[in-house]
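Please consult the sequence and the model shown below alongside the text.

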Amino acid sequence: MKVHIENIGDYLKKHEIKPSYQRIKVFEYLLNTKEHPTVDDIYRALVDEIPTLSKTTVYNTLNLFIEKQIAVVIVIEENETRYDVEMNFHGHFKCEKCGKVSDVDIDPEVINFDSLNEFQINEHHLYFKGICKDCLEKEKIKN
Ligand SMILES: [Zn+2]
Ligand SMILES: [Zn+2]
């Protein structure tokens, strides 16, 4: 399950965002990674290619994406803000060993939301924590 976007420039324009080079690059990076990166991750990944980039620009760009609802913030750990451009309903799993955050496919049709019927939902976050498959495999090999 991954958003399919033909042309990032058009996609940004459609959401009332002026498609500057830096904005396109930041969005493209988010689209192509499964890592749910932090501001630092995005900055480090792009600064070689865009020497004029600053962390503030990355941060402001992400806030704009969030405001226009083409990205969401993921906060599983209080001191760690990650970003995601996958807007389809899904959850996240954070590995307590390697720190990797992966997508969790969730079918909203099979979840019972009846107790929220009279509420207005602005955001939803579904988080799981534990040890990922790769780390469990490594454990097994060690023992
Ligand atoms: Zn892991
Ligand atoms: Zn995600």
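Helices (H or I, at least four residues) and strands (E, at least two) are DSSP runs, numbered from the N terminus. Residues are numbered from 1 along each chain as its sequence is written, while chains are lettered from A and ligands numbered from 1 in the order in which they are written. In this predicted model, local features need pLDDT of at least 70 and side-chain atom pairs count only at pLDDT 80 or more, whereas totals for chains, interfaces and linings use all residues.

**Overall dimensions and burial**

- Taken along the principal axes, the C-alpha atoms of the protein fill a box of roughly 50 × 45 × 30 Å.
- Of the 143 residues in the protein, 13% are buried (20 or more other C-beta atoms within 10 Å of a residue's own, with C-beta atoms placed from the backbone).

**Helix α4 and helix α3**

- Helix α3 (residues 39-46) and helix α4 (residues 55-67) pack at an angle of about 120°, and their axes are 9 Å apart; axes are lines fitted to C-alpha atoms, for helices over the stretch in contact, and angles run from 0 to 180 degrees between N-to-C directions.
- The helices α3 and α4 are therefore oblique to each other (angles under 35 degrees count as roughly parallel, over 145 as roughly antiparallel, 65 to 115 as roughly perpendicular and the rest as oblique).
- Val 39, Ile 42 and Tyr 43 of α3 meet Lys 55, Val 58, Tyr 59 and Leu 62 of α4, where two residues are in contact if their C-beta atoms, placed from the backbone, lie within 7 Å.

**Helix α4 and helix α2**

- Helix α2 (residues 21-32) packs with α4 at an angle of about 75°, with their axes 10 Å apart.
- The two helices, α2 and α4, are therefore roughly perpendicular to each other.
- Gln 22, Arg 23, Val 26 and Phe 27 in α2 meet Thr 57, Val 58, Thr 61 and Phe 65 in α4.

**The sheet**

- An open sheet of three strands has the order β4-β3-β5, with mixed pairing; two strands pair if DSSP finds at least two bridges between them.
- Strands β4 (101-105) and β5 (127-130) stand at the edges with a single partner strand each, so one side of each has no neighbour in the sheet.
- The twist averages 30° from one strand to the next.
- Strand β3 (residues 90-95) and β5 run parallel and are joined by four bridges.
- The bridge partner of His 92 in β5 is Tyr 127.

Definitions and conventions:
Buried ≥ 20, exposed ≤ 12 C-beta atoms within 10 Å, placed from the backbone.
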